Amino acid sequence: MAQVTVVLPTHRRPAALARALDGLVQQQGAPDFEVLVVDNDPAPHAPVVLPTGLTGRVVHEPIPGAAAARNRGIREAAAPVLALLDDDVVPEPGWLAALAAPVLAGHADLTGGRVVLDPQVPRPRWLAPGIEGYLTSLDLGPEERPLTDEETLLTASLLTRTELLREVGGFDPRLGPRGRTQLVGDDVQVVRDLRRAGARTMWVPQAEVVHELPASRLRPSWLLRRAYLQGRSDWLLDADRLGQRRAGGARIALDWLAGEAERRRREGLRSPAVAFHAACDIARTAGALVQAGALARRRAA
């Protein structure tokens, strides 16, 4: 029996999925693993075929959304350890070996690795490093170590014990990408739940994946929309707490914006990158205020 099930949800990205699967074929020094591709396309489609060299299977999850697809993978996984990978990343050859080692050795219950944006794609002048997180990147430093309370991990490179993930209920379907609504925060939610359940967390920088960087995402309009949805997701993620506050916690969002505005002023707003970072801050706050208003109305009803 495999030691690890790699759950790989996919939705209408055949070329990207092929690159991710080829990255799994190239794994070196990894524990015995199976691949579970969760096809989340509800429409008729060409069947997904695993490449030669991989053991596993493909299941179909008709309920739309990354959370539903990942939860299907959690239910279907056969191995005691479960790794999550996205269909728009390519794992480096040592990814799974590094990510699984602390858990299989009993030193951790939850590990996550570095997510690097494709270095071969040129960045526009206005793309500040501080907003690359909107494009799905994560780097918590060069040393393997426990996470601090303020840090989190991404589902693009995540591994934990399967039963522990089932015990916490998997992913919240209110969060995460779903059709054209590209909400986020599902990875933050599941990491929080696992930590509350006692999971020992470990940052493993050697477990690296390369995230694709399509031209469609390197547009101001896409990033402003992504920042707006980040604000909505932040408030959905903490709805229980923020819903108890006046105006759905709108003051928190405005105070955050004031702090970020001062940081951008010190950085120099004449710079195109800093100016666009400030625009993203405003868009994120707008999303938070929209969701805060919804929370306030729900409380008043």
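**Strands, a buried residue and a helix pair**

Guide: In this predicted model, strand β6 (residues 110-117) and strand β8 (residues 157-161) pair in the antiparallel sense over three bridges.

Visitor: Which residue in β8 is the bridge partner of Gly 112?
Guide: Gly 112 has Leu 158 as its bridge partner in β8.

Visitor: And how many bridges join β6 to strand β11?
Guide: Seven bridges join β6 to β11 (residues 201-211), and these two strands run parallel. There, Gly 112 stands opposite Trp 203.

Visitor: How many residues of β6 are buried?
Guide: Seven of the eight residues in β6 are buried, and the strand is mostly covered.

Visitor: Changing topic, where is Asn 71 found?
Guide: Asn 71 lies in helix α2 (residues 66-76).

Visitor: Why does Asn 71 count as buried?
Guide: Its relative accessibility is 13%. Buried means under 20%, so Asn 71 counts as buried.

Visitor: What does Asn 71 touch, leaving aside residues up to four places away in sequence?
Guide: Asn 71 touches Gly 169, Gly 170 and Phe 171.

Visitor: Now the helices: at what angle do the axes of α6 and α9 cross?
Guide: The axes of helix α6 (residues 220-237) and helix α9 (residues 272-300) cross at roughly 40° and come within 7 Å. The crossing is right-handed.

Visitor: Which residues meet there?
Guide: Among them are Leu 223, Tyr 228 and Trp 235 in α6, and Phe 276, Val 290 and Leu 295 in α9. By class, this contact of α6 with α9 has 16 nonpolar, four polar and three charged residues.

Key: Residues numbered from 1 in each chain as written. Predicted model: local features only at pLDDT ≥ 70, side-chain atom pairs only at ≥ 80, totals over all residues. Heavy atoms only, no water. Axes fitted to C-alpha atoms, helices over the stretch in contact; angles between N-to-C directions. Helix = DSSP H or I, 4+ residues; strand = E, 2+ residues; numbered from the N terminus. Left-handed = near helix turned anticlockwise from the far one by under 90°. Contact = heavy atoms within 4.5 Å. Nonpolar A, V, L, I, M, F, W, Y, C, P; charged D, E, K, R; others polar. Buried < 20%, exposed > 50% of the residue type's maximum accessible area, 1.4 Å probe, protein only. Pairing = 2+ DSSP bridges.
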